[in-house]
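Hi,

Here is the structure we talked about. Please open it alongside this email; my notes follow below.

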Amino acid sequence: MGIAIVAAGLIELLGLHRPRARDVATGLVLGAGLGLAALFLYLDATSSSTTGVTVTILFGSLFAVSQQMLPSIVALSAVSLLVLAVCYRMLLLSSLSPDLAAARGVPVRAIGIAYLVIMAVAVSLAAETIGAILATALVVGPPATALRLTKRPGGALVVAGLIGVVAVWLGIVLAYDSYYWPPAGHGWPVSFFVVALVFLFYLVAGAVARIVQARRRRHSEAAPRLAASGCAEHPGDAA
Amino acid sequence: MSGPTLDESADDAILDVDGVSVWLSGREVLHDVRFRIMPGEFTGLIGSNGAGKTTLFRVILGLQAASTGSVLVGGRPLTRRNPIIGYVPQKIFLDPDMPLRARDVVALGLDGHRLGVPLGWGRRRKAVDAMLDAVDARRLADARVGSLSGGEQQRVLIAHALISRPRLLLLDEPLANLDIGAEGEVVALLARIAREQRIAVFISAHDVNPLLPVMDRLVYMAAGNTASGTTAEVIRPEVLSALYGQHVDVLRVHGRILVVAGAEGPSGVTFEETDGAAVGPDIVALR
């Protein structure tokens with residue numbers, strides 16, 4: 001993870017702050033985080049695991065997260081969330097317009113580094129639990145789903161977090177239950193359920209968003225002047 | 001070039017640019033720029049792409065150091081994050097899916113440079129609503145900024161810049177990519193802000209015509225050189241020819257202004273020149 005963080009810092013220092021280059025940087029950080037998580041899983045798996053090393057690295061194993069690792073995972077998560085909370089407004093302003101943020105005195109570059117670092121941490125943690133291949137799905141899926149459900153920046157963060165937690169927990173329950181499923185005697189991997197649920201949520205959110213939009217359009221056609229007069233719409237209907 | 005008329009005392013100027021030159025990678029991008037903007041004045045910064053308009057803005061914002069010369073904002077030397085200045089950057093490109101409502105953008109104008117998460121919801125909300133009302137954008141409050149039209153986005157960004165109560169508003173090409181209707185609305189809004197709140201408006205544009213009805217003075221940039229003064233003082237063949245370093249004709253057609261690079265001397269067709277007050281130029285790109 002240390003290396004992932006350094007990589008994140010380096011990428012920002014290389015001066016990738018044009019919009020397109022940012023996407024490249026994001027991909028690189030994802031890669032670096034995954035690579036690192038793979039190394040740790042390898043070291044861990046070769047010393048303790050009963051399942052194959054390759055399988056553990058690629059697909060992770062939530063059940064294999066050891067007691068000793070737990071404190072550091074919790075601590076890293078807490079630090080990431082704290083950094084996110086502290087930089088929240090500066091990050092929003094920077095993503096609106098880096099020029100604008102710089103003019104307002106926001107240290108755009110430092111904020112960018114902080115963001116890439118916490119993203120590297122998040123990817124590494126995701127990879128520890130559900131494996132390198134599927135970590136991207138857990139990092140990208142819930143936010144993409146949240147974007148379809150809310151248009152508030154803070155709301156999107158909370159919804160994405162909740163979706164992630166629900167997907168993982170529900171995935172664990174299903175995996176536990178799957179022990180009694182067709183090829184009896186073998187539990188299905190947790191990672192499969194987590195990613196399947198993330199994808200399912202994404203599809204459902206798309207359908208919900210479309211229905212809400214259609215209803216709103218019909219509503220505004222029925223009372224076209226009402227919305228234009230500036231009266232507040234029902235505040236909660238999107239969230 | 002002809003400096004600003006020195007009838008006002010320099011101490012009152014909200015912006016005093018004095019002999020600023022900027023060299024970027026061995027090239028002089030700005031050469032001896034000098035002009036002054038008084039409180040509540042509407043000033044245009046006119047020039048084609050690459051004339052150095054954005055560089056000048058970056059100098060005023062403290063993001064680019066001047067090689068020579070000095071800039072005073074509100075009578076004080078430059079600092080980064082100057083609370084006196086409100087800034088509207090060139091068109092922003094936002095994903096329509098980005099979860100950022102118009103009201104969030106305006107709220108960021110209040111405290112976007114601060115650490116931590118925002119507190120004091122009620123007060124923030126009230127201030128944001130009042131600001132959106134002031135720019136006639138209240139009905140856009142809960143729409144995603146990425147999904148708004150160019151003119152609507154400009155309104156929201158103007159509200160973002162104004163909510164911190166600046167005394168000088170810098171706008172970088174706010175009329176670019178707007179249709180004619182939206183263009184007129186944005187200009188009228190800015191003129192009203194300058195007049196009613198006595199905020200000096202400094203706006204860059206490549207076409208001087210949309211600004212003609214409201215502009216008190218203008219700063220004209222070409223090839224790193226600048227001329228400043230009233231429209232009648234600056235938009236003249238002698239002044240602009242010296243600026244461009246080649247012969248330039250100024251044609252006035254139905255209250256609009258056309259600046260064209262020509263052969264030596266006036267061409268065969270002559271246009272009757274109207275009085276300075278109602279002039280409006282269409283700046284045809286000069287090569």
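Which residue in S8(B) is the bridge partner of B:Gly44? B:Ile203 is the partner. Keep in mind that this is a predicted model.

The strands behind that pair are S3 (residues 42–46) and S8 (residues 200–205) of chain B. They run parallel and share five bridges.

Both belong to an open sheet of six strands in chain B, ordered S6-S7-S8-S3-S9-S10. The pairing is mixed. Strands S6 (85–88) and S10 (225–229) of chain B are the edges, each pairing on one side only. On average, neighbouring strands are turned by 15° against each other, direction ignored.

Two helices to look at on this sheet:

- Helix H5 (residues 180–197) of chain B packs on the sheet and touches S3, S7 (168–171) and S8. Its direction makes about 135° with that of S3(B).
- Helix H7 (residues 237–244) of chain B also packs there, touching S9 (217–222) and S10. Its direction makes about 35° with that of S9(B).

Now the interface. In chain B, 34 residues contact 26 residues of chain A. The buried area is about 2800 Å², with 61% from carbon and sulfur atoms. On the chain B side, B:Pro99, B:Arg101 and B:Leu108 lose the most area, together 17% of what that side buries.

There are zero salt bridges between the two chains. Four residue pairs are in polar contact, both residues at pLDDT 80 or more. Helix H2 (residues 102–111) of chain B gives the largest share of its side, six residues. By class, that side has 16 nonpolar, five polar and 13 charged residues.

Best wishes

Technical notes. Residues numbered from 1 in each chain as written. Chains lettered and ligands numbered in written order. Predicted model: local features only at pLDDT ≥ 70, side-chain atom pairs only at ≥ 80, totals over all residues. Heavy atoms only, no water. Contact = heavy atoms within 4.5 Å. Buried area = accessible area lost by both parts, 1.4 Å probe. Salt bridge = Lys/Arg side-chain N within 4 Å of Asp/Glu carboxyl O. Polar contact = N/O pair within 3.5 Å; in protein donor to acceptor, adjacent residues only side chain to side chain. Helix = DSSP H or I, 4+ residues; strand = E, 2+ residues; numbered from the N terminus. Nonpolar A, V, L, I, M, F, W, Y, C, P; charged D, E, K, R; others polar. Pairing = 2+ DSSP bridges. Axes fitted to C-alpha atoms, helices over the stretch in contact; angles between N-to-C directions.
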